[in-house]
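This briefing goes through selected local features of one chain, grouped by topic. Please keep the sequence and the model in view while reading.

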Amino acid sequence: MSSSTNFNPNTPEEYAKLATIYAKQKKWELAIENYRQAIILKPNFSWYYYHLAQVLHQQESWNEAIKYYYRAIELNHNFSWSHYNLGDALSKLQRWEDAVNAYKNAIKIERIFPWSYYNLGNALVELQKWDEAIYNYIYVVKLQPGAPGIYSKLGDALEQKYNSDIDAAIQDYHQAIQHQGQHLIYDKLLEFLQDNPNLFVEIANNLAKADKNNGAIIFYKIALEVNQDDLEICHKLQQVLDKKYQLSQEILELRKKIELNPNSKSYYNLGIALTRQQKWDEAVVAYRQAIEINPDLSWWFYYNIWEAFAREDQLSEILTFFQKFHKSNPDSYWSYLNIGEALTRLNKIEEAIPYYQTTCYQQTQKLYPELVSQPWNLEEVQGPNFIIIGVHKGGTTSLYSYLTQHPQIVPPIKKEMDFWSWKFNESINWYLAHFPAISEKKNFLTGEASPSYFDYPNAARRIFQVFPKVKLIILLRNPVDRAISQYYQWLRLNWENRSFEEAIQLDLEQLTKAPEKVNYWMKELNYLARGVYVEFFQEWMSLFPREQFLILKSEDFYAHPEVTMGKVLKFLDLPEYQLSEYKNYNIGNYSPIDSSIRRSLNDYFQIHNQRLEEYLGMKFHWD
């Protein structure tokens, strides 16, 4: 028992009270211990099981959490949060049928909580039950029209159901009018329409904003069935049709370019354009041709390619291709990583690990032969001594590049592993396979740089549980400039096709409509929420002590990289090392943005920047 407590508990209530205190302090093991004691003394009280499950949920101990949620429900079936959180834990283990049942039970008890419908829709998508998924997403639209990402999910589900056949969707609507009870989606829409006559137009507008053109066209056409002479709806429909036509023309232009000069980049861009039209089968063909033309590239990096292969069930085929290429090109560095990525995506983690270890061995042997002159002892893999945790478009690539040129820093095989964020399900051994084996007797350090960590839910806690002493480095850039830079990078990568004004305005609307309800960790709030740095620091600094952070200003780093590098090396207890050149990596060129938009962004971030300066006790002068 912690010496910080002022009493020794004797009753179940006292144990539970103490457990609650520990949970608030994020002392999870002590919280678990005390809830267990409360349960021993009072084994039929559902509240203790629920709170124990909550703590285990925070620990991501999914199987144990599920066990205690079920016990809490057994003792008290009428508490909706037990069912809802059970659904979340089951989803984490991809137990979709069970998750669906849990969310449905939560909805029976509490019918106006939008996130039960939202997550139920997600689980139904995994089961490819498109009608039910669409029904639940529409219910979210009714309850909380501004729910982040809801229109993107609704648009994707509509596309999966109708496969671009807009006429089939309209026909279903006509059938629903004539034969009530036969079409779940449209029956519910017609019911909601009585409460909100503008519902169809509002859904169409938001689908268009989310770049879900086919879904927008469906709802505009249905809206015109209700309001046949509405010129504004006709105008909006024509705008989306024009946009879809432009995308079709883009595809035609890319195909013409390929006819003249079939190269890997052109096929890749064609694949991107086809995915925007949600023509996934054609996109996979284009991506496959891009890879076949130039297989010895870092294809593992392009997540959109892998998502397309997974969506079309083509992962095994592309794995076979990379394996054949590797067999005839055994010295290919990238083929190891590409095979590793394919195996990882197929959830064959143990098979993937040796490919990463081999790549790491080859890289280290080339850069630091003295470290691998003896047999490679994998037990000496310690993981990172430091992690650059952010921010995205803050200069992390340049800083990481400079650090890896220091003679006492041995890099892993990837700058960005994203393990503690996107890839946490892959296992710690998968992560460690990316790092070199360095004996503690050797005076070398290693580390990685994944900007996704800083604003990813649970990343801080995950790292703290495994590497509580790791040193954390973060570059903070003026959030206005950071957002602009990210937008134009995504535009170059073909991951964004909206105008800057469209993308930023949508973010601003979602952030300012009900600021007290904003969840800054939601990835759908992509460009601007990431710049509210203070929200993320509060989580990180509740776990790691201040002295384990080195917080740098990106603008200072850009202006005087050698000075910033001196601070970093001192922080890492490494001797100074001057580079002959401090090259700026990942630089982007773009025209200045409209001054009125910049003023709006400056106004939005002003209060949050002040909060950041007060919280950190630092001045950034982002005026």
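Arg255 has 32% relative accessibility and therefore counts as partly exposed. The side chain of Arg255 forms a salt bridge with Glu282, with 3.0 Å between the closest N and O atoms. This pair links distant parts of the chain, since Arg255 belongs to helix 14 (residues 231–260) and Glu282 to helix 16 (residues 280–293), 27 residues apart. Glu282, at 34% relative accessibility, also counts as partly exposed. The model is predicted, and the points below are read from it.

**Salt bridges**

- The structure holds 27 salt bridges.
- Arg36 and Glu64 meet through their side chains in a salt bridge, at 2.9 Å from N to O.
- Because Arg36 lies in helix 2 (residues 28–41) and Glu64 in helix 4 (residues 62–75), the pair ties together parts that are 28 residues apart in sequence.
- Arg36 has 29% relative accessibility and counts as partly exposed; Glu64, at 31%, counts as partly exposed.
- The side chains of Arg462 and Glu60 meet in a salt bridge of 2.7 Å, N to O.
- Here the linked parts of the chain are distant, 402 residues apart: Arg462 sits in helix 23 (residues 459–466), and Glu60 in the loop between helix 3 (46–58) and helix 4.
- Are Arg462 and Glu60 buried or exposed? Both Arg462 and Glu60 are buried.
- A network of salt bridges links Glu60 and Arg462 with Arg461.

**Strands 3 and 4**

- Strand 3 (residues 471–476) and strand 4 run parallel and are joined by five bridges.
- Leu476 has Lys553 as its bridge partner in strand 4.
- Strand 4 (residues 549–553) has five of its five residues buried, so the strand is largely enclosed by the rest of the structure.
- Both faces of strand 4 are covered, with Phe549, Ile551 and Lys553 buried on one side and Leu550 and Leu552 buried on the other.

- Val470 is located in the loop between helix 23 and strand 3.
- With 3% relative accessibility, Val470 counts as buried.
- Leaving aside residues up to four places away in sequence, Val470 touches Pro384, Asn385, Phe386, Ile387, Ile463, Phe544 and Gln548.
- Val470 and Tyr520 are 50 residues apart along the chain, and 25 Å separates their C-alpha atoms.

**Packing of helices 26 and 29**

- Two packed helices are described by the angle and the distance between their axes.
- For helix 26 (residues 533–540) and helix 29 (residues 595–616), the axes come within 8 Å and cross at roughly 30°.
- Angles under 35 degrees count as roughly parallel, and helix 26 is therefore roughly parallel to helix 29.
- Helix 26 contributes Tyr533, Val534, Glu535, Phe537 and Gln538 to the contact, and helix 29 contributes His608, Arg611, Leu612, Tyr615 and Leu616.
- By type, the residues of the contact between helix 26 and helix 29 are six nonpolar, two polar and two charged.

**Ser46 in helix 3**

- Ser46 is placed in helix 3.
- The relative accessibility of Ser46 is 13%, so this serine counts as buried.
- Not counting residues up to four places away in sequence, Ser46 touches Ala72, Leu75 and Asn76.

**Backbone geometry**

- Most peptide bonds are trans, and most residues other than glycine have a negative phi.
- Which form does the peptide bond from Gly390 to Val391 take? The bond is cis, with omega near 0°.
- Val391 is in the loop between strand 1 (386–390) and helix 21 (396–403).
- Lys393 is likewise placed in the loop between strand 1 and helix 21.
- The phi of Lys393 is near 65°, a positive value in a residue other than glycine.
- At 10% relative accessibility, Lys393 counts as buried.
- Ser427, also a residue other than glycine, has a positive phi, near 95°.
- The loop between helix 21 and helix 22 (428–432) contains Ser427.
- Ser427 counts as partly exposed, with a relative accessibility of 28%.

Note on methods: Residues are numbered from 1 along each chain as its sequence is written. This is a predicted model: local features need pLDDT of at least 70, side-chain atom pairs count only at pLDDT 80 or more; totals for chains, interfaces and linings use all residues. Side-chain values use heavy atoms; hydrogens and water are left out. Buried means under 20% relative accessible area, exposed over 50%, partly exposed in between (1.4 Å probe, protein chains only). Helices (H or I, at least four residues) and strands (E, at least two) are DSSP runs, numbered from the N terminus. Two strands pair if DSSP finds at least two bridges between them. A salt bridge is a side-chain nitrogen of Lys or Arg within 4 Å of a carboxyl oxygen of Asp or Glu. Axes are lines fitted to C-alpha atoms, for helices over the stretch in contact, and angles run from 0 to 180 degrees between N-to-C directions. Angles under 35 degrees count as roughly parallel, over 145 as roughly antiparallel, 65 to 115 as roughly perpendicular and the rest as oblique. Contact means heavy atoms within 4.5 Å. Ala, Val, Leu, Ile, Met, Phe, Trp, Tyr, Cys and Pro count as nonpolar, Asp, Glu, Lys and Arg as charged, and the others, Gly among them, as polar.
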